[in-house]
Amino acid sequence: MDFKNLEVWFVTGAQLLYGGDAIIAVDAHSNAIVEALNKSGQLPIKVVYKGTVNSAPEISAAFNDANVDDKCVGVITWMHTFSPAKMWIAGLKNYKKPLLHLHTQYNKEIPWSEIDMDFMNLNQSAHGDREFGHIVSRMRKNRKVVVGHYEDDSVQGHIAVWMRVAAAWADAQGMRIIRFGDNMNNVAVTDGDKVEAELRFGYHVDYYPVGDLVAEQDKVSEADVDSLVAVYEKEYDLAPNAKKGGAQHQQVREAAREEIALRRFLEQKDAKAFTTNFDALHGLNQLPGLASQRLMADGYGFGAEGDWKTAALVRTMKVMAQGLNGGTSFLEDYTYHFKGKGSILQAHMLEICPTIAAHKPKLEVHPLGIGGKADPARLVFTSPAGTGVAATVVDMGNRFRMIVNKVDVIEPEAALPKLPVASALWVPQPNLEVGAAAWIYAGGTHHTSFSYVLTEEYMEDYAEIAGVEMVTIDNSTTISNFKKELRFNEMYYMLKGSLEY
Ligand code: MN
């Protein structure tokens, strides 16, 4: 997704009470703020000043324009003077995109020796923004409130996070996710209500028989396979038996054929995410693991075993993280190390994104005991130490719940020479005992979308925009408080109902 084509609109609230000079000053200050934000170099999306609104019709017009403009992914509001908030009711009622309320003011400091009542009446966002905030709260509309001077790094940082999330939200509206095969039989946590997901998150999940992918695979030429294998040779260290002339080289070629077919299929269908199922591979040579790894690296969402919710989340988090320094991947809690704070080895059968590799991945071919297919190719690597977030969305029956765990990725104590898949080892905050227990109390999946570069703030902004429950597990979590939070939330969502979108 190209952020260059996107815009965030800046709308200033005021009223005509203060006369012509005030209006000119408000406009000049707004222009200066927008210019400073754009010049800061901190914001991934350009801010476009859409003028000062002084009446209900002007406010409604601004929001209606924002709703229908494809480039606009969200609106920032700021009340320079007092903007009586009943004027905002109609506009806010119809507004459908993300909203950020920037509680700032033009002057950074009070001009002690010069301040008079004219200055006070012009620069009064301290109370104008409270009036605006009241009506947004009264209307129960989710938004992000950012407080501080617009030139401050931290203020710009909070806006930048929200912008990335707003872009990911726009990306998810109408996003198509393709499932080859269904959800893995009998599995509960990766399944859910696809109608509710489309109403709530905006993405659409389609099913295709794997035979359609096989038909695409059969059209792939040997020359195309040659070219892609040459890319593999350049980007990865091939195991001796995977190299040309090696006993398993043909399996690498079959993996390339599957990747080309899968990529073409997703492009033809205009899909941004997909799922596979090791149980539904009729007509394919192997589980398309290498293909899934490489497609994830190119920004596609992926979920294994038909896990479409995780596929959507991986895609959404990849858009949020786009261009930032740090990878994002599908992962699965695999096995425990009960030592120290306790850690979890994260891996999957094959499908981990190489954007989280600590080194040049190795391309290897090994048998896969599940699925009854030929030996699949895969990229093998470990992941670097660092902090990140692991997130999942589960269907609680009456609502979706997002669960976010801050995790500390650590170096494995020793090499894992016999592990034939990519992996990451992490300590869930605050430690394994509390982190895993909280995750389980919340009903979290074994599958997650993990990112080194995103923080809880991104996930919170996303949950607010989507209007879904979010619970966070981090160093401040205690089990007794967390259990209470889950129970309070249960009551809140029962009272609120889920039938508002
Ligand atoms: Mn799995």
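Mentor: A nonpolar patch is made of residues with over 30% relative accessible area and no salt bridge, with nonpolar side chains joined within 5 Å. Keep in mind that this model is predicted.

Trainee: How much accessible area does the nonpolar patch on the surface have together?
Mentor: The patch is formed by Ile110, Trp112, Ile115, Met117 and Met120. Their accessible area together is about 550 Å².

Trainee: Is Met117 buried or exposed?
Mentor: Met117 is found in helix 4, residues 117-122. Exposed means over 50% relative accessible area. Met117 has 54% relative accessibility, so Met117 counts as exposed.

Trainee: How many residues apart are Glu332 and His447?
Mentor: Glu332 sits in strand 11, residues 328-337. His447 sits in strand 18, residues 447-451. The pair links distant parts of the chain, 115 residues apart.

Trainee: Are Glu332 and His447 buried or exposed?
Mentor: The cut-off for buried is under 20% relative accessible area. Glu332 has 11% relative accessibility, so Glu332 counts as buried. At 0%, His447 also counts as buried.

Trainee: How far apart in space are Asp212 and Gly283?
Mentor: Asp212 is in helix 8, residues 210-217. Asp212 counts as partly exposed because its relative accessibility is 33%. In sequence, Asp212 and Gly283 are 71 residues apart. In space, C-alpha to C-alpha, they are apart by 9.9 Å.

Definitions and conventions:
Residues numbered from 1 in each chain as written. Predicted model: local features only at pLDDT ≥ 70, side-chain atom pairs only at ≥ 80, totals over all residues. Heavy atoms only, no water. Helix = DSSP H or I, 4+ residues; strand = E, 2+ residues; numbered from the N terminus. Buried < 20%, exposed > 50% of the residue type's maximum accessible area, 1.4 Å probe, protein only. Patch = residues over 30% accessible without salt bridge, like charges linked within 9 Å, V, L, I, M, F, W, Y side chains within 5 Å. Areas by Shrake-Rupley, 256 points an atom, 1.4 Å probe, with all protein chains shown as cover. Salt bridge = Lys/Arg side-chain N within 4 Å of Asp/Glu carboxyl O.
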